[in-house]
Amino acid sequence: MEEATAKMNPHENAAIVVELVRRLRDGGSWCGATHLQKTAYFLKHLTQVPVDFDFILYKHGPFSFDLRGELSYLLAQGLLERKLNEPPYGPSLRPGPRAHLLAARHGAAADRYKREIEFVSEHLADKGVVELEKLGTALWVTLNTSATTAEERAREMVHRKPHIVYAEALEAAREVDRMRAEWTPA
Amino acid sequence: MRDVAERDLFWERGMRRGIYEVRDPIHTFVHFDARERDVINSRAFQRLRHIHQLGMSHFVYPGANHTRFEHALGVMELAARVFERITRDDLLTDQVRDLVPELADQYQREHWLRTLRMAALCHDLGHLPFSHAAETELLPDGWNHERLTVELIHSDELAHIWEDSPPLNPDEIAKLAVGPSQVNDSSPKNVEAVLSEVITGETFGVDRIDYLIRDSYHAGVAYGRFDHYRLIDTLQLLPPAPYHGDRSQEPALGIERGGIHSAEALLLARYFMFKQVYFHHVRRIYDIHLQDFMALWLPEGRCPVDLDGFLALTDNEVTAGLLDAAYSGGDELGEHARRIVCRRHFRRVYEPSREDLEATLDPTGEIYAALRNRFGSEAVRHDRITRASEDISEPLEAPEFPVLFDEQSVSSVGVSDVLAKVPEATVDCIYVHPDLREEAREWLVTKKRDILGGGGDGEDEPT
């Protein structure tokens with residue numbers, strides 16, 4: 001699968017992130033920073049939306065320090081905001097008080113990738129961080145290692161993330177295969 | 001360590017070599033062994049004596065002349081304290097022992113402590129003159145100070161130190177020194193991910209703890225001080241806070257409940273230091289002027305990335321160049337130099353108000369474009385912190401972290417009203433040539449409403 005390589009305008013990048021947050025929340029996602037990290041990984045590396053974030057396999061699966069910085073900027077600009085939840089739970093993200101200005105000016109970028117955002121949201125919005133970590137790691141292993149079969153990839157996942165049980169890694173690898181088979185680029 | 005004899009030899013050598021100490025105004029004493037002393041005596045590390053920790057901030061805070069040399073020593077001292085704390089046997093949960101077994105084994109733990117200390121010592125080796133100020137535009141594509149740091153860690157000058165017994169792995173040192181995102185490793189090991197947080201972690205990284213306290217002390221700004229002794233004494237590796245009953249397994253650096261006030265003090269100190277010192281508007285424009293100067297002064301407008309050329313370039317050479325240019329010529333280089341040396345810096349004329357931010361997406365961008373059209377691009381500068389900016393590599397908002405509360409891990413913002421409300425610190429303002437300040441301000445008073453109502457996008461990038 002071709003890797004997305006074209007860089008996106010920073011405002012368009014921001015518009016897509018905010019729209020992804022909106023769709024995830026609409027789909028019932030808790031939408032914490034970890035949820036957003038994993039779903040953004042699928043948006044870029046499964047549906048090929050050229051968002052300007054590089055990912056490594058780090059905390060809880062694929063992680064982008066670029067996206068971490070982007071979230072910080074969007075929070076500072078009021079384009080996203082944190083919704084505090086009752087302890088013990090962490091905060092969630094939601095569109096901020098100025099998000100409507102971003103949508104009005106750069107909504108076309110989010111519209112251009114509406115199909116991709118909807119696909120990722122529909123498949124991942126109902127997943128918790130544990131499941132997203134497994135799926136994200138499965139996709140990462142699929143795209144970045146020489147392992148081919150689901151079994152090989154599951155073993156690779158367990159090697160890199162020992163806390164993931166083999167049976168669950170195998171199911172995650174198969175789920176990723178189903179998603180990749182179902183996604184058809186326009 | 002292959003056998004008991006080798007382990008005993010390791011300890012014996014350590015005892016024979018002795019421990020050295022140097023006084024430090026922040027930590028009282030910094031201790032190091034002979035091998036660390038070899039690193040300290042290297043050309044790469046000694047160069048840090050001539051790199052200001054706070055760039056050009058001494059033009060605003062005259063006492064801020066401290067350097068990255070003593071900061072790196074301080075980070076090493078703190079890194080060891082944190083490591084000893086979080087790897088204490090009674091604080092390592094079964095989950096952490098399973099995921100990071102290296103921390104539960106005495107001899108592997110000793111290896112990782114040595115690696116961490118060296119990483120702390122080396123973490124700033126690759127800084128350009130005047131630290132972040134000159135980096136963004138002055139290095140070739142693909143280069144930053146982290147990459148230079150990694151190159152120096154792998155250089156011939158330091159290689160013999162790593163090869164000494166017991167051997168240290170420069171790849172591991174580099175990963176802990178600059179964080180996994182800056183090293184060509186897309187899948188760090190659990191122990192590397194955990195320990196990289198000790199130095200570069202966005203909440204409790206000791207790099208931040210040392211520079212906040214040290215910068216506060218030297219700048220004479222009281223807001224940066226907090227009880228870091230108490231904070232370190234409550235650090236622990238914890239599972240992340242849950243999301244609606246769902247919790248990831250990988251540990252993160254958090255605190256016991258008793259440390260919440262020291263953590264609040266840290267994050268407030270961070271916010272105040274950003275607003276008062278790091279984002280001070282005069283300091284920021286000096287950074288911009290320095291960048292303009294160096295782009296003309298350096299051969300081909302680029303800092304050298306060959307190690308000999310890089311190590312030969314410090315604040316001293318740049319300062320000499322500034323003084324020479326400021327007083328010897330009327331050319332463009334002299335003009336840039338005089339903005340710094342003779343305090344002919346650009347003056348701030350606009351920051352967005354709440355009303356402006358409610359009216360349009362990018363008011364500063366629109367004002368910037370309009371001022372450039374009116375007064376010329378050379379007379380106007382826009383300073384903004386964006387995700388792409390190289391001069392801040394941490395969140396603008398107070399980071400979230402786990403807190404051990406009644407034997408479970410909870411989110412910091414859920415248990416602390418203070419942490420939930422610490423605002424983001426950011427920068428977004430416009431400067432003009434000092435001779436145009438009054439005219440620009442008067443012009444904006446009459447034109448701002450038209451500019452912001454015009455529907456422009458302010459696409460120009462800040463310079």
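Let's start with Glu335(B), which counts as partly exposed because its relative accessibility is 28%, between the 20% limit for buried and the 50% limit for exposed. This glutamate belongs to helix H18 (residues 332–341) of chain B. Please keep in mind that the model is predicted.

**Strands and sheets in chain B**

- An open sheet is built from 4 strands of chain B, in the order S3-S4-S7-S8, with mixed pairing.
- At its edges are strand S3 (235–238) and strand S8 (408–411) of chain B, each of which pairs on one side only.
- On average, neighbouring strands of this sheet are turned by 45 degrees against each other, direction ignored.
- S3(B) and strand S4 (residues 252–256) of chain B run antiparallel and are joined by 4 bridges.
- Within this pairing, Gly254(B) in S4(B) is the residue that stands opposite Gln236(B).
- Elsewhere in chain B, strand S6 (residues 380–384) is mostly covered, with 5 of its 5 residues buried.
- Val380(B), His382(B) and Arg384(B) point one way from S6(B), while Arg381(B) and Asp383(B) point the other way; all are buried.
- The antiparallel pairing of S6(B) with S9(B) spans 5 bridges, and Val380(B) has Val432(B) in S9(B) as its bridge partner.

**The second largest pocket**

- The second largest pocket holds about 1100 Å³ of space.
- Its lining has 37 residues, and the closest to the centre are Leu75(A), Ala76(A) and Gln77(A), along with Glu424(B) and Thr426(B).
- From chain A, helix H3 (65–76) and strand S3 (80–83) each give two or more residues to this lining.
- From chain B, the elements that do so are helix H14 (260–278), helix H15 (281–297), helix H19 (354–359), helix H22 (417–421) and strand S9 (428–432).
- Sorted by class, the lining of the second largest pocket has 15 nonpolar, 8 polar and 14 charged residues.

**Enclosed cavities**

- Rolling a probe the size of a water molecule over the atoms shows where empty space is left.
- How many cavities of 30 Å³ or more are there? The count comes to 3.
- The largest cavity has about 110 Å³ of space.
- Among the 13 residues that line the largest cavity, Lys59(A), Asn190(B), Ala193(B), Val194(B) and Glu250(B) are the closest to its centre.
- Strand S1 (56–58) of chain A and helix H11 (190–200) of chain B each give two or more residues to this lining, and H11(B) supplies the largest share, 3 residues.
- The lining of the largest cavity divides into 8 nonpolar, 1 polar and 4 charged residues.

**Aromatic pairs**

- The whole structure contains 17 aromatic pairs over all chains.
- In chain B, ring pairs link Tyr211(B), Phe274(B), Tyr278(B) and Phe279(B) into a cluster.

**Backbone details in chain B**

- The peptide bond from Ser165(B) to Pro166(B) is cis, with omega near -5 degrees.
- Pro166(B) sits in the loop between helix H9 (156–163) and helix H10 (170–178) of chain B.
- Phe130(B) is not a glycine, yet its phi is positive, about 55 degrees.
- The loop between helix H6 (106–122) and helix H7 (135–138) of chain B contains Phe130(B), which counts as buried at 2% relative accessibility.
- Glu300(B), another residue other than glycine, has a positive phi near 60 degrees.
- Glu300(B) lies in the loop between H15 and helix H16 (307–311) of chain B.
- Is Glu300(B) buried or exposed? With a relative accessible area of 82%, Glu300(B) is exposed.

Technical notes: Residues numbered from 1 in each chain as written. Chains lettered and ligands numbered in written order. Predicted model: local features only at pLDDT ≥ 70, side-chain atom pairs only at ≥ 80, totals over all residues. Heavy atoms only, no water. Pairing = 2+ DSSP bridges. Axes fitted to C-alpha atoms, helices over the stretch in contact; angles between N-to-C directions. 1 Å grid on protein atoms, 1.4 Å probe; cavity = no way out; pocket = protein on both sides within 12 Å on 5 of 7 lines; lining within 4 Å. Points joined across faces, edges and corners; volume = space filled by probe spheres on them. Nonpolar A, V, L, I, M, F, W, Y, C, P; charged D, E, K, R; others polar. Buried < 20%, exposed > 50% of the residue type's maximum accessible area, 1.4 Å probe, protein only. Phe/Tyr/Trp six-rings, centres within 6.5 Å; stacked < 30°, edge-to-face > 60°.
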